[in-house]
Amino acid sequence: MDNTHKTDHVGQRHVPQYAFELFLLNDALGEKKITEKPFAGMSNTSDFIILKEDHTVGNLLAEHFKQHPNVMMAGYKGRRCEILRFLKVPGLMASTHLVPHPNVAEVLIRLQTDGTITPREVFIDVCKQLIAQLAQLAQNFTREYELRRMATAGEQDGNGPNGKP
């Protein structure tokens, strides 16, 4: 283990040295950004687990999934948790529990389709649409910023808004 992570006496991984590391995947541990797990309780349903994200991404995706014509149900749950293993106590079995922890960000999204396409196909389609929308937003923002910068530069050169001093 590298020196950027603190550990306790039983080797549990805790807080990274730098805050931005909370959002970086650990290649050494084989972390994947998104994992799909088919949900056995409902047909045409999958759970998607997104690591190193929070409610911002969960809500954004869930709301866009709901707008997709082939989606029957979409929802998300932010899961900030750390798995803690409790030692055997007389009269109790050893167990594993999920305990809220502010340093581990994870989002679970459940997505059910009408069966004409898979949840994975909807996930990919919606992500492509969001990327296109964000690219358009960036382009519009940059254009407006440059226009305002040129207008301001023109005013500072002694030319008014109509080209007059």
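User: Which residue of E8 does Lys-77 stand opposite?

Analyst: Lys-77 stands opposite Leu-108 in E8. This is a predicted model, where local features need pLDDT of at least 70, side-chain atom pairs count only at pLDDT 80 or more, and totals for chains, interfaces and linings use all residues. Residues are numbered from 1 along each chain as its sequence is written, and side-chain values use heavy atoms, without hydrogens and water.

User: What makes E5 and E8 a pair?

Analyst: Two strands pair if DSSP finds at least two bridges between them. Seven bridges join E5 to strand E8 (residues 106-113), so the two count as paired. They run antiparallel. Strands themselves are DSSP runs of E with at least two residues; helices are runs of H or I with at least four, and both are numbered from the N terminus.

User: Why are E3 and E5 called edge strands?

Analyst: Four strands form an open antiparallel sheet in the order E3-E4-E8-E5. Strand E3 (34-38) and strand E5 (71-78) each pair on one side only.

User: How do you know that helix H1 packs on the sheet?

Analyst: Contact means heavy atoms within 4.5 Å. Helix H1 (residues 55-67) touches strand E4 (45-51), E5 and E8. Its direction makes about 175° with that of E5. Angles run from 0 to 180 degrees between N-to-C directions, with axes fitted to C-alpha atoms, for helices over the stretch in contact.

User: Which strands does helix H2 lie across?

Analyst: Helix H2 (residues 119-156) lies across E3, E4, E5 and E8. H2 runs at about 45° to E4.
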